[in-house]
Amino acid sequence: MTTPPPSLGDIAPEDFRRAAHAAVDWIADYLEHPERYPVRPPVTPGDISAQLAPSAPVTGESLDAIVQDFHDVIVPGITHWNHPTFFGYFSISGSYPGILGELLAAGLNVNNMLWLTSPAATELELRTVDWLRQLMGLGDGWFGEITDTASISTLYALAAARELASGDIRARGMTGLAPMRVYCSAHAHSSVDKAVITLGLGHDNLVKVPVDEAFRMRPDALRACIDADIAAGYRPIAVVATVGTTSTSSIDDVVSIVPIARAAGCWVHVDGAYGGPAAIVPELRWLLDGVDGADSLVVNPHKWLFTPVDCSVLYTKRPDVLKRAFSLVAEYLRTRDDDSVVNLMDYGVQLGRRFRSLKLWMVLRAFGADGIAERLRHHCELARDFAGMLHYEGAWEIAAPVPLSLVCFRFAPAGSDEATRDRWNMAILEHVNASGVALLSHTKLHDRVVLRLAIGNVRTQREHVERTWQALRDAAREVVRRG
Ligand SMILES: Cc1ncc(COP(=O)(O)O)c(C=O)c1O
């Protein structure tokens, strides 16, 4: 046996061990005090690229030098989603057990495409998503798989809906078929639009059903849209209901939507990317009422379940259809167990699949059902507290109901017109975000600018909400002073 020259093989294990121990220490310290950093970094476009070498090094560098650049160049350009006053978009956070799972999965680096390519990864994935199903109070009969994002989960669900509606679309494409239509509320996430575009259904064939005063899809309007489309020769194939919409966290009435969709032969997909995990809280279990009658559901543990990005779970009652849409087994992927195991590559586009269940399994075990419920409940309480603060301060309006942990609000002092309010709210947002004290985001409701404060970080406490409220009021005073 010949000893390989030192230039071959991996770097020395001692170097990795030392750097990795230091990295874990850094992560633990960072997460203990993320507040040492401004939430949004004070950088302008190109600042980070200017500090990066224009091409990769010709000879290898030491881990010490690379890690030093991580601290000096990368960290100063990071927006700290881990910061307890990060309230933008859907505020998310990982957690120590989730990070541990991510680390160990990187160490194993298995490709979970076939059962045979890592039996434990396949079996853990199926078991973990089944745990999550039970925790959310869903009934039996759901098959689940982990994808990277809700956008992909929804794409897969609508691909299955298209497959069911068309029969042999795989072979013949869509030529000669009646135009198919998909329905969602005007507040559904843009991932539904992207899925429809990607699947070649045509963006014009995504029908945005009007919402009621609480931003929920109107079932009567859904029925009217479907009836009108059938009369006009379209083929309705799917309805997407949302449990926790992006702008306001409104919750569509799945119980009423399912029978309307079914009567038209539609697949029902439920987007619970943000809201779904909240059904783990016993008093919020109603959120998923009616979902057991749907065909598919997406929930994102990487949004509101303390699991590091990325981790989305797609459930379906029709794994046979999902498999029909995607399965294609090349000779080199055949195994002797094909008839007796689940090969997860059969349920999506990807062949290679990361070992994502490890981190979710660790999160579910480390916090337990009660621990998760307590944390999610606490976030909802903080959101209600913040809504209370707004309520008692005359110049601010609450712009939408607060069923979960998101508050939509607006600075709207008496005597100001709507256009000025829009301008002021955008200025308040920029002022607070630029200060580094907190980070919020915005949306438009009834065509008016509204600010969003979303709570989902495992470290957020009341003091963080209070500090942000103070920053908002200071910013409002400042923008009014500037006129
Ligand atoms: C309701 C809803 N669905 C889907 C998505 C897309 O999620 P992902 O980033 O996992 O694709 C989002 C993102 O915020 C969302 O709010």
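Helices (H or I, at least four residues) and strands (E, at least two) are DSSP runs, numbered from the N terminus. This is a predicted model.

**A cis peptide bond**

The peptide bond running from Val309 to Asp310 is cis. Its omega is near 5 degrees. Where does Asp310 sit? Asp310 lies in the loop between helix H10 (301–304) and strand S7 (312–316).

Asn109 is not a glycine, yet its phi is positive. Ser249 also has a positive phi and is not a glycine. The table gives the angles.

| Residue | Phi |
|---|---|
| Asn109 | about 50 degrees |
| Ser249 | about 65 degrees |

Asn109 is found in the loop between helix H3 (96–108) and helix H4 (119–135). Ser249 belongs to the loop between strand S4 (235–242) and helix H9 (254–263).

Is Asn109 buried or exposed? Asn109 counts as exposed because it has 9 C-beta neighbours inside 10 Å, and the cut-off for exposed is 12 or fewer. Ser249 is buried, because 27 other C-beta atoms lie within 10 Å, and the cut-off for buried is 20 or more.

**The ligand shell**

How many residues surround the ligand? There are 15. The closest are Thr149, Ala150, Ser151, His189 and Ala273. By class, the shell holds ten polar residues, four nonpolar residues and one charged residue.

Conventions. Residues are numbered from 1 along each chain as its sequence is written. This is a predicted model: local features need pLDDT of at least 70, side-chain atom pairs count only at pLDDT 80 or more; totals for chains, interfaces and linings use all residues. A residue is near a molecule or strand if its C-beta atom, placed from the backbone, lies within 6 Å of it. Ala, Val, Leu, Ile, Met, Phe, Trp, Tyr, Cys and Pro count as nonpolar, Asp, Glu, Lys and Arg as charged, and the others, Gly among them, as polar.
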